[in-house]
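Hello,

Here is the structure we talked about, for you to look through. My notes on it follow below.

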Amino acid sequence: MTELAGRMGQHPRPTHVIVHLSDLHLLSGGQLLFGAVDTEGQLQRALEQLETSGIRPDAIVVSGDITDRGEPDAYRRARRAVDATANRLGAPVVWVMGNHDKREVFHTELLDQPADREPVDGVIEVNGLRIISLDSSVPGFHHGELKPAQLEFLARTLRSPARFGTIIAMHHPPVPTPVAVLDILELADQHLFADTIKNTDVRAILAGHVHYTTAGNCAGIPVFVAGATSYTMDLSAPVDELHGIDGGQSFSLVHVHDDQVVHSAVPLGNFRQVSGIGADFLASMRNLNADGRRDAFSRMPTDDQGEDDVAPSEDAPSDDAPSEDAPSDDAPSEDGPSDESAPSE
Ligand SMILES: [Fe+2]
Ligand SMILES: [Fe+2]
């Protein structure tokens, strides 16, 4: 986490930072998804942006659909890329099963375990924060479900609270989707999951699957959905259509504070910087008290001052780095499972 974050306002620094990637949809041999989207390149871009930011996460959560078709080589590519960054940052990786993943291959290629068809659930604890991963996939289908045995495992695990509480990572988000046809592919029996996490130390649920950034709650607990690194479901498409677009990809940052969890999306792309401030200015803030900081950074310009005379107000300064909004394309508008035709997220 950056040195200054959370230290000049009323909130203390976060206790933990989690990087949340989702829906990588890699293909073997680095093939383009739908013949159009460089999903491996998009993943690499996300990891490069993360590394150059200087953020030092406590964990990296990848919330499912690691691959598009469950191919071993696609898993190896995903693992090679994510592990390289994770190793450099010293962060453990939590791999979560999605509907496009295949349990047997997931076990062998990502977890170094024997092939197994049982759900891939797990628990790790990072600096006192527990992360439980749940496999909401249903072999042969794209909707989600948690088996009774998984809910029992969850309830049993949650019986003893963790020092900083629990974050659950799962692919299918337990919140409504505004996209009509996508609700066919939602997590079934969400009330059973809600009953299981109610009155426990669960502080947030991280999910993916829908390919757009969204948030809601389940049993009063925040649910944060990361957008996909692969392609985005366009919520501005005609309401009775489903449009997957090669643009708007993102990953998210999860800041865990003592009293709340904050989820923030990071757009993928090498965009032109048009405003901002540099590290020197931020460093100078350290030498000021609260009033001084407000004078230097919050105070609006007076009538006889030009905008240029005052500190920038939080949008960043200048620069003319190349923009690079991913071009839209006419690739299939759905995340077809293997056949590229059915909408599946
Ligand atoms: Fe999915
Ligand atoms: Fe997906």
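**The sheet of six strands**

An open sheet is built from 6 strands in the order β4-β5-β6-β7-β9-β8, and its pairing is mixed. Please keep in mind that this is a predicted model. β4 and β8 (214–218) are the edge strands, each pairing on one side only. On average, neighbouring strands in this sheet are turned by 25° against each other, direction ignored.

As background, strands of a sheet pair through backbone hydrogen bonds, and they do so either parallel or antiparallel. Both kinds can be seen around β5. Strand β4 (residues 122–126) runs antiparallel to β5, and 5 bridges join the two. Gly122 stands opposite Ser133 in β5, while Val126 has Leu129 of β5 as its bridge partner. The hairpin of β4 and β5 has 2 residues between the strands, and in this hairpin Asn127 takes a positive phi near 50°.

With strand β6 (residues 166–170), β5 pairs in the parallel sense, again over a set of 5 bridges. Here Ser133 has Ala169 in β6 as its bridge partner.

Is β5 mostly covered or mostly open? Strand β5 (residues 129–134) is mostly covered, with 6 of its 6 residues buried. A point that helps when reading this strand: in a regular strand the side chains alternate between the two faces of the sheet. In β5, Leu129, Ile131 and Ser133 lie on one side, and Arg130, Ile132 and Leu134 on the other. Every one of these residues is buried, and both faces of the strand are covered.

What lies between β5 and β6 in their β-α-β unit? Helix α4 (residues 148–158) does, and the unit made by β5, α4 and β6 is right-handed. On the sheet, α4 packs against several strands: α4 touches β4, β5, β6 and β7 (202–207). The direction of α4 makes about 175° with that of β5.

α4 also meets helix α5 (residues 190–197). The axes of these two helices come within 9 Å and cross at roughly 15°. Angles under 35 degrees count as roughly parallel, and α4 and α5 are therefore roughly parallel to each other. Their crossing is right-handed. On the α4 side the contact is made by Leu151, Leu154 and Ala155, and on the α5 side by Leu192, Phe193 and Thr196.

**The sheet of five strands**

Another open sheet has 5 strands in the order β3-β2-β1-β12-β13, with mixed pairing. Which strands stand at its edges? They are β3 (93–95) and β13 (261–267); each has a single partner strand, so one side of each is left without a neighbour in the sheet. Neighbouring strands here are turned by 20° against each other on average, direction ignored.

At the β3 end, strand β2 (residues 59–62) pairs with β3 in the parallel sense over 3 bridges. One residue pair to look up is Val61 and its bridge partner in β3, Val94.

**The chain as a whole**

The protein chain has 7 helices and 13 strands. Of its 345 residues, 39% count as buried. Among contacts with a separation of 6 or more, 70% are between residues 24 or more positions apart in the chain.

Regards

Note on methods. Residues numbered from 1 in each chain as written. Chains lettered and ligands numbered in written order. Predicted model: local features only at pLDDT ≥ 70, side-chain atom pairs only at ≥ 80, totals over all residues. Pairing = 2+ DSSP bridges. Helix = DSSP H or I, 4+ residues; strand = E, 2+ residues; numbered from the N terminus. Axes fitted to C-alpha atoms, helices over the stretch in contact; angles between N-to-C directions. Buried ≥ 20, exposed ≤ 12 C-beta atoms within 10 Å, placed from the backbone. Right-handed = clockwise from strand over helix to strand, strands pointing away. Parallel < 35°, antiparallel > 145°, perpendicular 65-115°, else oblique. Left-handed = near helix turned anticlockwise from the far one by under 90°. Contact = placed C-beta atoms within 7 Å.
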